[in-house]
Amino acid sequence: MVAQRATGTLGGTPIANLLVYTLDRRLSGTLVLEDPGQQKSAILFQRGVPVKVKLAEPFALLSELAIESGAVDEAHATSSFEASRAEERLHGEALVAEGLIEPGTLADLLVEQIARKIERLCELPPETHFGYYDEQDFLQAYGSPESVVIEPLGVIWRAVRLQAEGATVDATLARLGGRDARLHPRSRVSRFGFTPRERGIVDVLRGKPQSVPSLVQTGILPERELKKVLYALVITRHLDLGSGALPIGIDMPSIAPPAPDAGERARAMAATPQPQPSLPSPPARAAPAATPARSPELLAFRQEIRDRAAKIGSLNYYQILGIAQDAPMNAIQSAFFQLAKQWHPDRLSPELGDLRDLTMRIFSRMSEAHQVLTNEEQRGEYERLMREGGAAPDEQDMVQRVLRAATAFQKAEVLARRGNLAEAEKHAELAVENDPEQAEYTALYADLLSQKPERTQSGNYEDVLKMVNDARRTQPDNLKVRLYRARVLKRSGDADAAHREFRGIVEQDVHNVEAAREVRLHEMRRGGRATDPKKTGDNRRNTVKPAGKGGKNPPAEAGLFGKLFKR
């Protein structure tokens, strides 16, 4: 009987996780996949490394990759392909024999071909069944008799980039708790094939361990992309979580057989290919072990999934995690980790695959609750919302949008101060999209838009001027709004209006260095002496009444969440 070591569906265990599983255990055998249309594909592993991939349909043909890479032109690729078919030998051997490419180039193309095929497998539907057959080579008669040595960590990263879902990534990173992310001393991150920007995150971690929020604030990558990098490092143990286990893939196993001499290799490659291998069906499709109808436990859990999905939107974050509102941080962490053991989508059994979407919705809300309640600032805002009625069940979505907007606005401010205007603009736009009524968000977004080079070239500031003017009318006493407006006015060429706005800011806050500097520069350009605007009265028309105590803060109802409570 054929040895089976693992079975399931891609909905429960995605391709990336299967690659990690085989590499971690150095398995040699064949993974067979059967999609809902009963089309079969397979990956052959040698000591955990994928060395052959057979898809149900032709994909990533060698001739296409050779043309794409520039190794050969289309005419030569086509002629050599036709010749290889006539001579009943592999196309790669024909390309080398005709002197069109070097053997090293062929090896590179075959490595890329395997990676592309695995990426294609990442697109299979979650209902696809798989079965891993230990020590069985079902692809012996497929392709070259020699194995291609591929970098397994690079393939894992390509799969993660394609298919890692937000809820899964967030739940996995939650294992860090409140700790800083720290590279394992034995990590070999160069093997992942990260882009220069992705390597920037690794460089930051090399310099100093950082928390996930701190890494997000660097702006090196968009948040979702950054978290995928960290996720790949976590599941391969290249981030040190204190378990003592070594990272996987840090040493490349020796899997290729000894190279034959040229004549032997030519005879082997020129041999007539054998018929396509017949792949077995993964056992999960042919004989499901237990259906929900036969298992009382599964039946009960199915109903629990449906019930919880129906009411999850009506629960506050404390109710979602099943904890008291005064629960300490460690209790919140513990509650979430216990829930993750049951509700993480990757832990869903194949028999419950049809409820995966509901489970993901549930776990996504659990992850949101955990993320907010383990952040002191966000938890404080959330509890204020609860006290003032803004966290009522029917307002949960609005609350989450407001929290997202606040976080995005803070990131935009930090990035703008660091001079990263492109990323700051993205976060400011996200803040406006999630909470368009906040004048500060709109004014900052307009300020960033006004700095784009194409704006300077066209000289058209009409739309951004409207944005800052509307924001000022909404919150006339908000000094941040006025500062952003003054900047836009100055860039648009209306120096006098900008001067009046800067001067009005200084009258309310003498410590605003930027506004005071702009007032002095304007008066010097006008040929007059710089004066202290607090001691003059020639700007009374533009003086605005201070908003709060001390005249430095906008009124409470104009604050971050004030709009939620207006009735």
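The crossing of helix 23 and helix 24 is left-handed, a term used when the near helix is turned anticlockwise from the far one by less than a right angle, whereas clockwise gives right-handed. The tour of this predicted model, in which local features need pLDDT of at least 70, side-chain atom pairs count only at pLDDT 80 or more, and totals for chains, interfaces and linings use all residues, starts there. Residues are numbered from 1 along each chain as its sequence is written, and side-chain values use heavy atoms, with hydrogens and water left out.

**First stop: helices 23 and 24**

Select residues 479-492 for helix 23 and residues 495-508 for helix 24; their axes come within 8 Å and cross at roughly 155°. Helices (H or I, at least four residues) and strands (E, at least two) are DSSP runs, numbered from the N terminus. Axes are lines fitted to C-alpha atoms, for helices over the stretch in contact, and angles run from 0 to 180 degrees between N-to-C directions. Helix 23 is therefore roughly antiparallel to helix 24; the classes are roughly parallel under 35 degrees, roughly antiparallel over 145, roughly perpendicular from 65 to 115, and oblique for the rest.

Next, display the side chains where the two helices meet. L479, R482, L483 and R485 are among the residues of helix 23 that meet helix 24, where the partners include A497, E501, F502 and I505. Contact means heavy atoms within 4.5 Å.

Remain in helix 24 and select R500. Because its relative accessibility is 33%, R500 counts as partly exposed; buried means under 20% relative accessible area, exposed over 50%, and partly exposed in between (1.4 Å probe, protein chains only). R500 and V519 are 19 residues apart in sequence and 8.5 Å apart in space, C-alpha to C-alpha.

**Second stop: helices 2 and 5**

Select residues 62-69 and 103-121: helix 2 and helix 5 pack at an angle of about 115°, with their axes 10 Å apart. These two helices are therefore roughly perpendicular to each other, and their crossing is right-handed. Among the residues that meet are L62, L65 and A66 in helix 2 and L106, L109 and R116 in helix 5. By class, this contact has 6 nonpolar, 2 polar and 3 charged residues.

Select residues 15-25, helix 1, in which I15, A16, L18, L19, V20, T22 and L23 are buried. The elements against which these buried residues pack include strand 2, helix 5 and helix 10. Just after helix 1, R26 takes a positive phi of about 50°.

Which residues touch the most other members of the largest nonpolar core? They are I15, V160 and L230, in a core of 58 residues. A nonpolar core is a set of buried Ala, Val, Leu, Ile, Met, Phe, Trp, Tyr and Cys residues joined through side-chain atoms within 4.5 Å. Helix 10 (residues 223-235) contributes the largest share of this core, 8 residues. Apart from it lies another core, of 32 residues, including Y318 and F336.

**Last stop: two threonines**

Select T172 in helix 7. T172 counts as buried, because its relative accessibility is 8%. Leaving aside neighbours within four places in sequence, T172 is in contact with Y231, V234, I235 and H344.

Finally, select T442 in helix 20, which counts as buried at 14% relative accessibility.

Methods: Ala, Val, Leu, Ile, Met, Phe, Trp, Tyr, Cys and Pro count as nonpolar, Asp, Glu, Lys and Arg as charged, and the others, Gly among them, as polar.
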